[in-house]
Each structure stands twice: as structure tokens, then as C-alpha cells.
Amino acid sequence: MKVFLVYKTDPRHSYASRDVIGVATTLRNAIAIVKKQAAKEGEKLSRYTLEFLSVKLQTQDYSGEGEFDIEAVEKNTLL
């Protein structure tokens with residue numbers, strides 16, 4: 001079974017800038033975490049951004065500071 005790690009990153013999505021902001025059991029829940037964080041920052045995600053996030057597992061051109069990444073990982077796995 002997979003879990004989804006949700007990260008906030010710099011605008012270039014560099015691995016060194018990744019901060020875990022949530023863990024979800026489904027992609028839908030991971031996207032909900034991203035939406036909640038964006039709302040907390042006073043931003044709203046566009047339809048295009050949400051579609052891109054659901055397919056590519058990252059945002060592009062987020063209007064707030066930085067970007068978001070989602071990573072699907074197997075449970076009980078060394079990262």
C-alpha cells in the first residue's frame with residue numbers, strides 16, 4: 001500500500017528545499033492537504049494547477065511562495 005508525502009518546496013522543486021507538510025493515504029487527500037496549505041497562505045489554486053498536480057504530482061506557477069510536490073511511497077520502506 002502506498003502513502004503520499006506532501007512537500008512544500010522552493011520554486012525550482014529542489015530536493016534540498018523540501019519540507020514535509022503532510023502525509024495522506026490517497027492522492028485525493030494529498031491534494032486536499034495542498035489546498036489547505038494554500039488557503040492558509042491566503043492563496044487559491046486554479047483549476048489548471050489542480051489538474052497538473054493530480055497528473056504530475058507537483059504544481060507549476062503557484063501564485064504563493066514556492067511550489068508543492070507529492071510523492072507516492074510504499075509503506076514500511078526505507079527512503
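At 82% relative accessibility, N76 counts as exposed; here exposed means over 50% relative accessible area, buried means under 20%, and partly exposed is what lies in between, with a 1.4 Å probe and protein chains only. N76 sits in the segment after β3, and its phi is near 60 degrees, a positive value in a residue other than glycine. Most residues other than glycine have a negative phi, and most peptide bonds are trans. We will come back to a second residue of this kind further on.

A word on the model before we go inside. It is a predicted model, in which local features need pLDDT of at least 70 and side-chain atom pairs count only at pLDDT 80 or more, while totals for chains, interfaces and linings use all residues. Residues are numbered from 1 along each chain as its sequence is written, and side-chain values use heavy atoms, with hydrogens and water left out.

Let us start with the sheet. Its 3 strands form an open sheet in the order β2-β1-β3, and the pairing is antiparallel. Strands (E, at least two residues) and helices (H or I, at least four) are DSSP runs, numbered from the N terminus, and two strands pair if DSSP finds at least two bridges between them. β2 (19–24) and β3 (67–74) stand at the edges with a single partner strand each, so one side of each is left without a neighbour in the sheet. On average, neighbouring strands of this sheet are turned by 25 degrees against each other, direction ignored.

Now follow strand β1, residues 2–9, which pairs with β2 in the antiparallel sense over 5 bridges. Of the 8 residues of β1, 7 are buried, so this strand is largely enclosed by the rest of the structure. Towards β2, the bridge partner of K8 is D19, and F4 stands opposite A24. With β3, strand β1 pairs in the antiparallel sense over 8 bridges; there the bridge partner of L5 is E71. In a regular strand the side chains alternate between the two faces of the sheet.

Two strand residues deserve a visit of their own. E71 lies in strand β3 and is partly exposed, with a relative accessible area of 27%. Leaving aside its neighbours within four places in sequence, E71 is in contact (heavy atoms within 4.5 Å) with V3, F4, L5, Y7 and R18. E71 and V34 are 37 residues apart in sequence, and their C-alpha atoms are 13 Å apart in space.

The other one is I21, in strand β2, which counts as partly exposed at 30% relative accessibility. Not counting residues up to four places away in sequence, I21 touches V6, Y7, K8, I33, Q37 and F68. K8 is 13 residues from I21 along the chain, and their C-alpha atoms are separated by 6.6 Å.

Next come the helices. The axes of helix α1 (residues 27–40) and helix α2 (residues 47–56) come within 11 Å and cross at roughly 140 degrees. That makes α1 oblique to α2: angles under 35 degrees count as roughly parallel, over 145 as roughly antiparallel, 65 to 115 as roughly perpendicular and the rest as oblique. The axes are lines fitted to C-alpha atoms, for helices over the stretch in contact, with angles running from 0 to 180 degrees between N-to-C directions. The crossing of α1 and α2 is right-handed, the term used if the near helix is turned clockwise from the far one by less than a right angle, while anticlockwise is left-handed.

Which residues in α1 meet which in α2? From α1 come L27, I31, V34 and K35, and from α2 come L50, L53 and S54. By class, the contact of α1 with α2 has 5 nonpolar, 1 polar and 1 charged residues; Ala, Val, Leu, Ile, Met, Phe, Trp, Tyr, Cys and Pro count as nonpolar, Asp, Glu, Lys and Arg as charged, and the others, Gly among them, as polar.

Also in helix α1 is A39, which counts as exposed at 51% relative accessibility. A39 and N29 are 10 residues apart along the chain, with their C-alpha atoms separated by 15 Å.

Finally, here is the residue promised at the start. D61 is found in the loop between α2 and β3 and has a positive phi of about 60 degrees although it is not a glycine. D61 is exposed, with a relative accessible area of 67%.
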